[in-house]
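Trainee: Mind if we go through this one together, starting with what holds the ligand?
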Amino acid sequence: MPTSEAVHGEHRWDSVFAAIYDRMMSRGERLGMRERRRALVADATGRTLEIGAGTGANVDLYPDDLDELILAEPFAPMRRRLERKLQSSGRAARTIDATAEAIPLPESSLDTVVSTLVLCTVDFQRAALAEIARVLRPGGQLLFIEHVRSHSPRVARWQDRLQTPWRHFAAGCRCNRDTLAEIAAAGFSAQHERAVWQAVPPLVAPLVIGRAVVDR
Ligand SMILES: C[S@@+](CC[C@H](N)C(=O)[O-])C[C@H]1O[C@@H](n2cnc3c(N)ncnc32)[C@H](O)[C@@H]1O
């Protein structure tokens, strides 16, 4: 499994990407994503881990009565911004330097895992989902908003064609992943809805939003 350092050397463009991330996202956030995040994380309960927490877009949206909030982010330039956001929000949470493929928490120790726009970027999606299943208690939930492979064959073909340049531009993001199928293959039962992410390129506009429970 990759270590967090292996996920990102401090490539210059990835650091720039972290620096401009909030500004790039802001229009889409205003046009619906922020409300989707709010509705999603309102269902977090108990001991909660957010993977790939980035700059902390969800930090101030969590319910106040969680037992614990842990924010994992493996890329230092993102994590620095996350820590600043956390301080300014006054939210009680701890940050950890960890990938989703190697979560440094015991088996069955969490009630909720949150993933927003992260399963597109992890290097090993199956390994990440197996790790999420491992750390969730039986009946624990994965709450997700992910952009995915399009249902439209024409758009999906463009996602396949452009996935390499897109990956370089978007700090490792794969635009053509069928993440919902992988969630099911990892042994989760998922309820989901589809939506369109506004104000982003069509390659990453198809969204799935939902809750998946480990079957074991
Ligand atoms: C598109 S950003 C999403 C950030 C945030 N979750 C959000 O909703 O705005 C993807 C994030 O996943 C992180 N990431 C990259 N590889 C990862 C991995 N293997 N495991 C966990 N997170 C990873 C990146 O550093 C980045 O912060």
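Trainee: How far is an oxygen atom of the ligand from an N or O atom in the side chain of Y21?

Mentor: This is a predicted model, with local features needing pLDDT of at least 70, side-chain atom pairs pLDDT 80 or more, and totals for chains, interfaces and linings using all residues. Residues are numbered from 1 along each chain as its sequence is written, and side-chain values use heavy atoms, leaving out hydrogens and water. A polar contact is a pair of N or O atoms within 3.5 Å. For Y21, the ligand oxygen sits at 2.7 Å.

Trainee: Which class has ten residues in the shell around the ligand?

Mentor: Charged means Asp, Glu, Lys and Arg; nonpolar means Ala, Val, Leu, Ile, Met, Phe, Trp, Tyr, Cys and Pro; the others, Gly among them, are polar. The shell has six polar and three charged residues. The class with ten is nonpolar.

Trainee: What parts does the W13 and F169 pair tie together?

Mentor: Their rings are 5.9 Å centre to centre with 35° between the planes, a tilted aromatic pair (centres within 6.5 Å; under 30 degrees is stacked, over 60 edge-to-face, the rest tilted). W13 and F169 are 156 residues apart in sequence, so the pair ties together helix α2 (residues 12–41) and helix α6 (residues 163–169).

How values were computed: Polar contact = N/O pair within 3.5 Å; in protein donor to acceptor, adjacent residues only side chain to side chain. Phe/Tyr/Trp six-rings, centres within 6.5 Å; stacked < 30°, edge-to-face > 60°. Helix = DSSP H or I, 4+ residues; strand = E, 2+ residues; numbered from the N terminus.
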